[in-house]
Each structure stands twice: as C-alpha cells, then as structure tokens.
Amino acid sequence: MGNVTLKTKFVVLISALIAASLLANLAWTSVNKRAQMENELREKGEVLAQQMDAMWEFMASNQDRLEQISYTEDGIYQGLHCAIVGRSIGLLFTSQSEYETRFVNFDPRNAADAPDEFEAAALNAFKEEGLAEYYEVTEYEGEEVFRYLAPMTIEENCLDCHGEPKGEIDVTGFPKEGWSIGDNGGAISIIMPLDVYRENEQSAIVQDVIFFGGMLAFCLVVVYVALGYLVTRPLNKIQAGVEQIQTGNLDVELAYTESSREMNTLTADFNQMAEELSAIYGNLETQVEDRTAQLARANDVLERQRAQLEDANDRLRDENRYKSDFLAIMSHELRTPLTSIIAFAEMLNKESDPKNEKEAETRREIEANSRALLFMINDILEMSRLDAGRIEMNVETVDLGDIAGLVQSVVQPLAKQNGIEFTCEIDADVPLVEADFEKLRHVLENLAGNAVKFTPEGGSVRLAISYHPECGEVWLRVADTGIGIAKKDQQRVFERFVQVDSSASRKYSGTGLGLALAKEYTEMHNGSISVESVLGKGSVFTVRIPAKRSASDDEGDGE
C-alpha cells in the first residue's frame with residue numbers, strides 16, 4: 001500500500017463507505033417497509049373484522065325478524081340464521097379480493113370452522129391473555145401471508161342459540177354451549193396474501209437504493225475533485241520541491257496556495273527547512289573537516305590505549321601463569337612430604353600404642369593437621385588447574401553410593417576424633433548418573449569436611465542423597481548443627497579465598513577455596529549448589545545435578 005496514491009486510497013475508502021452505506025440503507029429500508037406493510041395489513045384486518053362484526057351484530061339484533069321468515073308453514077326451521085348469514089356476508093366482503101375469512105372456535109358446530117394451529121394459538125391468547133387482536137406474517141398453504149384474528153364476544157342476542165341451559169337443543173338443532181354475556185365465542189380469522197405488498201415493497205426499495213446510490217456517487221465525485229484541489233495538488237508541489245532538494249538545488253521556495261491554512265503552514269515550514277539546509281550545507285565541508293580531524297585524534301588515542309591494554313593483558317596472563325605454575329609446583333612438592341607424614345603417623349599408630357595421653361594427643365594432632373593441610377593443598381592444586389584450563393570432565397556411569405562410602409571413610413575418622421556424629425543416608429530409588437566420579441567425590445568431601453570443621457563437639461553431620469523425579473535431579477545434601485552462616489554472607493561463601501568466620505579470633509583455618517571448587521565442579525555437571533543456614537544453629541548445603549545428561553551437555557564437554 002506504500003506505492004498507492006492518496007487519491008486512490010481515498011477513492012477506495014469512500015467507495016467502501018458508499019457500499020456499506022448502501023447495504024445499511026437497504027437493510028433499514030427493508031425493515032421499515034416490512035413494518036409499514038404489517039401495520040397497513042393490520043389496520044385493514046382490523047377494519048374488515050369490525051365491518052364483519054358490525055354485520056354480525058346487525059343480523060343478531062334482527063334475528064327475531066329472520067326467524068319469522070325462516071320457518072315453513074309446518075313450523076320447520078329452514079336454516080336462515082345469523083351465523084349463516086354472517087358467514088355469507090364475510091364471503092361477500094372478500095369476493096372481490098384474494099382475502100379469505102373464517103369464523104373459528106375450539107368446538108365448532110360446523111367442522112369447516114375448526115381452527116388450525118395458528119388460529120388455535122390466537123384463541124388461547126384471547127381466552128388466557130385477553131388480547132384484542134392477534135396477527136403475524138406466516139406461511140399458509142405454502143405461501144407467505146398476513147393472518148389477522150379478532151375475538152368474537154357473546155352478546156344478549158346470542159344467548160337464544162348459545163346460552164343456558166347448556167346442552168338444550170336450539171332452533172338450529174344443535175345443543176347450546178351454555179355461554180354467558182361477555183364470553184369468548186370464537187374469532188374472526190382473515191388471511192391476506194402478500195404478493196402485491198411484496199412487489200410494492202421491492203419497488204420502493206429499488207427506488208430508494210437508486211436515489212441514495214446516486215446521491216452518494218455525486219458526493220464521491222465532489223469529494224474526489226475537492227481532494228485533488230485542496231490536498232493532492234499542494235502535496236505534488238511540495239514533492240516537486242523535495243525532488244529539487246534531492247538533486248542538490250537548495251534554493252527552492254514554494255509559493256503559497258489557496259487550498260487551506262494547513263497546507264500554507266506546511267509550505268512555510270518547507271521553505272524554512274530549505275533555508276536551514278542551505279545554511280547548513282554552506283558550513284558542512286568545514287564541519288566535516290573538523291570532525292575528521294577530531295576522529296583521527298580520537299583514533300590515535302584509542303590505538304594507544306588498545307596497545308597499553310594488550311600489554312597489561314600480556315602481563316596479567318604471564319603473572320597468572322606464573323601464579324598457577326607456582327601454586328601447582330608448591331602444591332605438588334608439599335603433597336609428597338605430607339603424604340609421607342600421614343602414612344608414617346598411621347603406621348606409628350598401628351605398630352605401637354602411645355605411652356601416655358599426651359603422646360596420643362600429639363599423634364592425633366599430627367595426623368589431623370596433616371590431613372587438613374593436605375585438603376588445603378589439594379584445593380589450591382585443583383584451583384590452579386582450573387585457572388590453567390587443564391581440567392576436563394571424565395564422564396562415566398557413577399553409583400553415588402560408592403562416592404558416599406569413600407567420603408564417609410575419609411570424613412568419619414575426623415568426625416569421631418572431634419566428638420561429632422557423622423551419618424550417611426541414600427534413598428533406595430537413587431539412579432546411576434552420568435558424571436565425573438572424582439569431581440563429585442571432591443565436592444562431597446569438601447562439603448562434609450567443612451561441616452565437621454565448623455561443628456562443635458557433640459554436634460552432628462548428615463550426608464543424604466535423594467532422587468527427585470519431578471525435576472529429574474539427584475540432590476546431595478550435607479546438613480550440620482555447626483556455627484551457621486549469617487544471611488548476608490551466604491552468597492559470598494562460594495567466592496574464592498573467602499572464609500566467613502563467626503568468631504573474632506578466627507580459630508577455623510582454611511584457604512577459602514573448598515566451596516568455590518565445589519561450585520565450579522557442580523556447574524561443570526550443569527548442576528547448582530545452594531546453602532540454607534541459621535547463625536548458631538547450623539547449615540544445609542544442597543547440590544543438585546541432573547540424573548541424565550543431554551546431548552548438548554556431552555557436546556559441551558567435548559569442547
């Protein structure tokens with residue numbers, strides 16, 4: 001629609017409005033004509049019913065005179081009766097038209113006067129609701145007609161044949177109905193065909209549509225011409241001016257138009273814009289030269305800064321490599337004598353008993369401090385490997401029960417030595433997982449070792465492993481009754497070289513790398529680690545790892 005002209009858009013819009021208006025007018029005219037036709041037919045039906053009712057009353061009021069000529073010399077009734085004459089008069093009224101009249105009742109004396117479904121509905125409405133008339137456009141014998149019914153009320157003259165006593169034979173030979181004055185004695189039913197009215201309705205609708213359509217078409221032509229003069233022509237002038245500016249001619253000035261104030265305002269704004277563009281273009285070359293020089297100077301500064309940044313990055317990489325290499329060398333060189341110290345301490349405890357309690361305490365201190373120092377050295381070594389990018393995932397099928405057993409064998413002696421109860425629980429439905437055995441062992445050893453270290457004598461540490469199928473994860477939880485962690489420090493404990501101590505004397509030693517390593521290894525398994533803790537009451541560390549590794553996880557490991 002972007003390439004369609006404004007005139008075309010307005011023509012389409014106005015045409016759509018004309019079509020919608022024509023349809024609305026057609027519908028409105030049809031409804032009005034229909035209502036007008038029904039009202040006219042109702043009035044005709046009402047007048048015809050009144051005339052027939054008047055004739056009925058006339059016959060009823062002269063019934064005595066009719067009876068004098070309705071008997072033979074032998075006293076036999078010959079059938080000249082008000083009902084018969086009334087029906088005949090009704091037929092006379094409609095003989096010059098296609099109307100049809102009937103006198104209907106639920107229990108007629110003549111079978112021809114039995115009501116159909118529509119007339120039965122009208123008789124019920126007269127009796128139950130007291131309506132004065134009943135009409136509707138409906139179908140009759142396969143054609144659409146207008147049906148009108150008016151109630152017939154029993155008057156005094158009607159009682160001779162239809163009054164009390166009920167069942168007595170009247171002069172016509174029929175039993176009396178037992179009606180009283182004011183009762184409903186049936187209805188006058190009039191049926192009017194709609195052919196003529198429908199033709200008139202269609203003719204009137206066609207005339208209205210032609211007139212209305214002609215007026216709308218005339219308005220469309222007027223709007224189209226006015227649009228061209230008041231809008232399109234001034235816009236074309238402005239477009240021509242824009243094209244001149246595009247070709248480089250900035251000395252453009254449009255003449256004012258007589259179309260409208262808005263167009264004159266637009267023209268003035270255009271002329272002002274052209275003047276400003278001309279002024280700006282005059283100084284543009286100078287400004288471009290100044291900006292070019294400024295950009296050149298800025299590029300020189302950025303180039304120097306980039307070079308300095310590269311030098312700083314090179315120095316940082318070298319320093320980081322030296323640090324990692326130093327930590328790796330120191331950790332490796334320290335692990336050998338520490339391992340020997342631990343082995344000799346264990347051998348000494350196996351081969352000979354301590355002479356006294358002081359010697360036993362000394363042996364325990366040697367072994368405990370050596371193990372603690374070995375843990376710290378291992379953490380430093382692992383972190384340096386991480387920084388150097390030399391740690392890879394060795395994914396295999398792992399039984400978490402085996403890992404828990406190894407962790408328990410390492411941590412339980414330390415817990416027993418400190419007077420702490422250590423328990424391990426594994427749910428029966430925990431599945432085998434695809435993971436790195438050593439890294440998960442390292443995670444649990446760090447968490448359990450920290451729990452023992454920060455739990456006072458008489459406390460407890462609990463390692464629990466459970467499966468949660470609703471999220472497809474295995475949870476490894478280490479809970480203790482230790483000193484706890486303040487809420488403000490719970491996120492910091494997973495940072496490197498951070499050790500939160502609740503005491504002012506900092507009696508708990510460590511590098512602050514254990515939880516950072518646990519977090520790194522957990523995330524390498526596409527898992528997460530979190531802590532819940534209350535200061536002075538204990539902490540619960542939860543490691544969540546997927547029970548099954550996805551294909552994307554394996555591709556990430558390969559990279």
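This report walks through a few local features of the structure above.

## About the model

The model is predicted, so to speak of a local feature a pLDDT of at least 70 is needed, side-chain atom pairs count only at pLDDT 80 or more, and totals for chains, interfaces and linings use all residues. Residues are numbered from 1 along each chain as its sequence is written, and side-chain values use heavy atoms, with hydrogens and water left out.

Four strands form an open, antiparallel sheet in the order 1-4-3-2. Strands, like helices, are DSSP runs numbered from the N terminus (E, at least two residues, for strands; H or I, at least four, for helices). Two strands pair if DSSP finds at least two bridges between them. At the edges sit strand 1 (100-104) and strand 2 (134-140), each pairing on one side only. Ignoring direction, neighbouring strands of this sheet are turned by 25° against each other on average.

Strand 2 joins strand 3 (residues 143-153) through seven bridges in the antiparallel sense. Thr 138, for instance, has Val 145 in strand 3 as its bridge partner.

What is the phi of Glu 141? Glu 141 has a positive phi of about 55°, although it is not a glycine. Glu 141 belongs to the loop between strand 2 and strand 3. With 67% relative accessibility, Glu 141 counts as exposed; buried means under 20% relative accessible area, exposed over 50%, and partly exposed in between (1.4 Å probe, protein chains only).

Another loop, between helix 5 (159-162) and strand 4 (184-193), holds Pro 165. The peptide bond from Glu 164 to Pro 165 is cis, with omega near -5°.

## Asn 124 in helix 4

Asn 124 has its place in helix 4 (residues 117-129). Its relative accessibility of 33% makes Asn 124 partly exposed. Leaving aside residues up to four places away in sequence, Asn 124 touches Phe 106 and Glu 129, where contact means heavy atoms within 4.5 Å. Asn 124 and Phe 106 are 18 residues apart along the chain, and their C-alpha atoms are separated by 9.5 Å.

## Helix 9 meets helix 10

Helix 9 (residues 400-417) and helix 10 (residues 437-453) pack at an angle of about 30°, with axes 9 Å apart. Axes are lines fitted to C-alpha atoms, for helices over the stretch in contact, and angles run from 0 to 180 degrees between N-to-C directions. That makes helix 9 roughly parallel to helix 10 (under 35 degrees counts as roughly parallel, over 145 as roughly antiparallel, 65 to 115 as roughly perpendicular and the rest as oblique).

Which residues meet here? In helix 9 they include Leu 400, Leu 406 and Val 410, and in helix 10 they include Phe 437, Leu 440 and Leu 444. The residues of this contact divide into 13 nonpolar, one polar and three charged. Here Ala, Val, Leu, Ile, Met, Phe, Trp, Tyr, Cys and Pro count as nonpolar, Asp, Glu, Lys and Arg as charged, and the others, Gly among them, as polar.

Helix 11 (residues 514-524) has several buried residues, among them Leu 515, Leu 517 and Tyr 521. Asn 526 is found in the loop between helix 11 and strand 10 (528-534). Although it is not a glycine, Asn 526 has a positive phi of about 60°. Asn 526 is partly exposed, with a relative accessible area of 41%.
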